[in-house]
Amino acid sequence: MPVFKSICRVCHGGCGALVHVEDGRVITVKGDPESPISRGWMCVKGLKSPDIANHPDRLKYPLRRTGVRGENRWTEIGWQEALDEISNRIDDIRKTHGPETIAVGQGTGRHHYMHVVRFANALGTPNWYEPGLAQCFIPRVTVSHLTYGGFVTGDYYSSIKPRCIVFWGHNPLVTCADGELAPAVRRAMTEDCATIAIDPRRTKTAKRCRSWLAIRPATDAALALAMINVIIEEGLFDKEFVADYTTGLTLLQAHVARYTPQWAEAVTWIKAEDIIKTARTYALSKPAVLDWGLGLEQNSNSLQTVRAVAILRAITGNLDVPGGDIMGMNILKGYPILKDKLPPEASKKRIGGEEFKLLAGWRAYIPSAHIPGLFRAMTDGVPYKIRSLLIFGGNPLLTVANPMKVYEALNALDFLCVTDLFMTPTARSADYVLPAAFWTEIDHVQGFPLVAENYAYAQTAITHTPECRQDEWIIDELSKRLSLPGSDMSYKDIFAHQLSPTGLTHAALAAKGYHTPPHKYKKYLEHGFRTPSKKVELFSSVLKRMGYPPLPEYTEPPEGPTGSPELLADYPYVLITGSRSVEFFHSEQRQVASLRRRHPYPYCELHPMAAEAAGIEEGDWTVVSTIRGEAKFKAHVTEDIHPRVVSVEHGWWFPERAMEPESLWESNANCLTADCPPYDPAFGSYRLRGLLCNIGRHRQ
Ligand SMILES: Nc1nc2c(c(=O)[nH]1)N[C@H]1C(S)=C(S)[C@@H](COP(=O)(O)OP(=O)(O)OC[C@H]3O[C@@H](n4cnc5c(=O)[nH]c(N)nc54)[C@H](O)[C@@H]3O)O[C@H]1N2
Ligand SMILES: Nc1nc2c(c(=O)[nH]1)N[C@H]1C(S)=C(S)[C@@H](COP(=O)(O)OP(=O)(O)OC[C@H]3O[C@@H](n4cnc5c(=O)[nH]c(N)nc54)[C@H](O)[C@@H]3O)O[C@H]1N2
Ligand code: SF4
Ligand SMILES: [Mo]
């Protein structure tokens, strides 16, 4: 049986895979022991790739809607017909109403991510989005750039191992997020390493750590500020690095004086003595990695939370040292996203641009539209009506807050086109549905970890599902029909552009597997940090200029025991949503029997004390409610969660009951979350974690 080497992409990806093929179909997928990163390991989703690739429900032909919206009646059509008709509709709308009325959406971290951004720019619409962004990764990426001039990741690859790792709102042993693969993280968690997890849940990662700090959700900025206070007051900071390579220590010192560990204890629910101990351990055990995750971003104080945490790395001198937090090498040439093709007057029309400057303004890392505003503009027409949405792999009915509003918005569109692997609830509302290629069916070049790009790999299409096409091909075909700028350069031409600094061709890299040049440490010694002062900006000159607080501040979560005490009697628990499980990627794979058997129901986690108070037992169906709505989950009663916190899974729909409209809301975590203000003032992040909820037994 022929075996091909490739890289799994069921999640953000990165594990080396050996793909066994028979009659053009993937038969088995196994870990590639020669991968320098994953060394033969793959998670269960990756191993079950054949069950996804060959699933009978895979979309196989372009579909045109024949029934009313959502009725699920379609005609199979050919690609020529589909592409001609779709490009005609897009052309009509852009000519009649303006290109900004066409929104372009996609899912998280897919192979075609940058190609979608390129397409939106070429089309002349400022309104592209993906459901993470302000709620995921963009705060970390942007803050790293503002503070240090580049993105950082933990150095899990050096022969010098970290002596301390802090996992902050992050569970990489389950999530392998953004190319930080679990086996590399696990290898770095040696006996001599002081490992600390800051998380309201004792996760798989936390269970392997020496200490677990069960923080109150959305109060991480308070903890980070108190740790900065201890490190400065006790003189534990790296005096040489701080003096030579940072600006603003004196201002920072005065600013954090009020954020004492005693103050933070009341805010965060973590004892002052534990805060002091954690600060000392992190500052004194060098080198140290501070590995941050999504737990810091899904709240309305995301900028300042991520900034406070980012500063800890700099004052302890852990930046770009072996075994510390390393600055990305960015070994690939930047993707040609045709930024210059979006006229300035079009950029000004971006929804949210005036208000959320670090998400949607010109200074944003990749400017995108504010999601709540975008969906509102589909129904309300404010500031103007969004008439069309083209989605390349995204399921906003499950992954965006307030799905009932999203549903209303999708139905208010003149034109919706969705490209996906499966007929999702979102796709069912479309006018056209296009069948996407799976990861074994694509040609691609990718740098990893995402944004840092310290190594790279290439994929080639190994198998083929007859009428399925990779998203980049679909975009190129639409671009040609619309005569968009850049349509003379295909996605395959772009491989050479991306790889030009490496001297490799796509074919050579695909044959070689990974390109892992040695990491250059302390790059700042040559040309400083890429910030206006060429130093790490503890006091951010950019934020000051933009009118945001230049030193990190704590803001109480607007909904919570302190922010909204009037709600406490009815909603006594703090809610977090969306902690990942290994079997599923967001709303995906619920139709894959081998994975669903391992995780058949949506779960909520609650502490035995909370369960007892509500009369709930392990396995009971439980209703979780907030002031916005309710959803149903099976109870998992566990001591591995703070007694006052309830955690629910996100992304749940039931493909086996897809035609029952009510089933879409039944266990949809986003019926509980908040798409309404207040948002983070710079990113517009809305609240998916750190809300108030109640729990009760579900009565049939
Ligand atoms: N309540 C709550 N909501 C959340 C979160 C949370 O923690 N809590 N997390 C948020 C975060 S961080 C993110 S990033 C988002 C993710 O949100 P989404 O990206 O919308 O999530 P997915 O369910 O992965 O949707 C992707 C869709 O793309 C399809 N797909 C997979 N591969 C391909 C491909 O190659 N091409 C195409 N065209 N389609 C493909 C899948 O079948 C699936 O239907 O969810 C957000 N939503
Ligand atoms: N299997 C699988 N892997 C995935 C995904 C998936 O859906 N499934 N999604 C991918 C995506 S898009 C992303 S963004 C990453 C996310 O990857 P991670 O950041 O590693 O993971 P999460 O599980 O979303 O959240 C991390 C932890 O934050 C904790 N948490 C919640 N609120 C708070 C808080 O206020 N403060 C603190 N300190 N912690 C808090 C949760 O309990 C959770 O354990 O995972 C990626 N990988
Ligand atoms: S962690 Fe991601 S890349 Fe690795 S096997 Fe699992 S799904 Fe694939
Ligand atoms: Mo994400």
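Between which domains does ligand 1 lie? In this predicted model, residues of the shell around ligand 1 come from both domain 2 (63-134 + 333-443 + 461-487) and domain 4 (565-697), so the ligand lies between them.

## Overall form

The protein has 700 residues, and 65% of them count as buried. Its secondary structure comprises 28 helices and 27 strands. The C-alpha trace spans about 70 × 65 × 55 Å along its principal axes. A compact globule with 700 residues would have a radius of gyration near 27 Å; the value for the protein is 24 Å, which agrees.

One pair of residues gives a sense of these distances. Ala508 and Ile275 are 233 residues apart along the chain, and their C-alpha atoms are separated by 50 Å. Ala508 belongs to helix H23, which covers residues 506-512. With a relative accessibility of 34%, Ala508 counts as partly exposed, because this class covers values between 20% and 50%.

## The site of ligand 1

The shell around ligand 1 holds 34 residues, and the closest are Thr399, Asp420, Asp471, Ser587 and Glu588. By type, this shell divides into 9 nonpolar, 19 polar and 6 charged residues.

In the side chain of Asp420, an N or O atom is 2.6 Å from an oxygen atom of ligand 1. For Asp471, a polar side-chain atom lies 2.7 Å from a nitrogen atom of ligand 1. Thr577 contributes as well: an N or O atom of its side chain is 3.0 Å from a nitrogen atom of ligand 1. On its own, ligand 1 has 920 Å² of accessible area, and the protein covers 98% of it.

## The site of ligand 2

Which domains supply at least three residues each to the shell around ligand 2? They are domain 3 (152-327) and domain 4 (565-697). Domain 4 (565-697) also gives residues to the shell around ligand 1.

There are 32 residues around ligand 2, of which Asp199, Arg201, Ala218, Asp220 and Phe584 come nearest. The shell is made up of 13 nonpolar, 13 polar and 6 charged residues.

A polar side-chain atom of Asp220 lies 2.7 Å from a nitrogen atom of the ligand, while an N or O atom in the side chain of His170 is 2.9 Å from an oxygen atom of ligand 2. From the backbone, an N or O atom of Gly295 lies 3.3 Å from an oxygen atom of ligand 2. The protein buries 99% of the 910 Å² that ligand 2 exposes when taken alone.

The table collects these atom pairs for both ligands.

| Residue and part | Ligand atom | Distance |
|---|---|---|
| Asp420, side chain | oxygen of ligand 1 | 2.6 Å |
| Asp471, side chain | nitrogen of ligand 1 | 2.7 Å |
| Thr577, side chain | nitrogen of ligand 1 | 3.0 Å |
| His170, side chain | oxygen of ligand 2 | 2.9 Å |
| Asp220, side chain | nitrogen of ligand 2 | 2.7 Å |
| Gly295, backbone | oxygen of ligand 2 | 3.3 Å |

## Backbone features in loops

Two cis peptide bonds may be noted. The bond from Val382 to Pro383 is cis, with omega near 0 degrees, and Pro383 is found in the loop between helix H17 (371-380) and strand E15 (388-392). The bond from Phe448 to Pro449 is likewise cis, with omega near -20 degrees. Pro449 lies in the loop that joins strand E18 (444-448) to strand E19 (455-459).

The loop between E18 and E19 also contains Glu453. Although Glu453 is not a glycine, it has a positive phi of about 50 degrees. Is Glu453 buried or exposed? Its relative accessibility is 17%, so Glu453 counts as buried, the limit for that class being under 20%.

Leu338 is another non-glycine residue with a positive phi, here about 60 degrees. The loop that holds Leu338 runs between strand E14 (325-327) and helix H15 (344-347). Leu338 is buried, with a relative accessible area of 14%.

Thr463 lies in the loop between E19 and helix H21 (471-481). Its relative accessible area is 5%, so Thr463 is buried. The side chain of Thr463 makes a polar contact of 3.0 Å with the side chain of Thr440.

Key: Residues are numbered from 1 along each chain as its sequence is written. Chains are lettered from A and ligands numbered from 1 in the order in which they are written. This is a predicted model: local features need pLDDT of at least 70, side-chain atom pairs count only at pLDDT 80 or more; totals for chains, interfaces and linings use all residues. Side-chain values use heavy atoms; hydrogens and water are left out. A residue is near a molecule or strand if one of its heavy atoms lies within 4 Å of it. A polar contact is a pair of N or O atoms within 3.5 Å; within protein, one must be able to donate a hydrogen and the other to accept it, and residues adjacent in sequence count only if both atoms are side-chain atoms. Accessible areas come from the Shrake-Rupley method with a 1.4 Å probe; for residues, only the protein chains shown count as cover. Ala, Val, Leu, Ile, Met, Phe, Trp, Tyr, Cys and Pro count as nonpolar, Asp, Glu, Lys and Arg as charged, and the others, Gly among them, as polar. Domain bounds come from an automatic or database domain assignment. Helices (H or I, at least four residues) and strands (E, at least two) are DSSP runs, numbered from the N terminus. The radius of gyration is taken over C-alpha atoms; the globule rule is 2.2 Å times the number of residues to the power 0.38. Buried means under 20% relative accessible area, exposed over 50%, partly exposed in between (1.4 Å probe, protein chains only).
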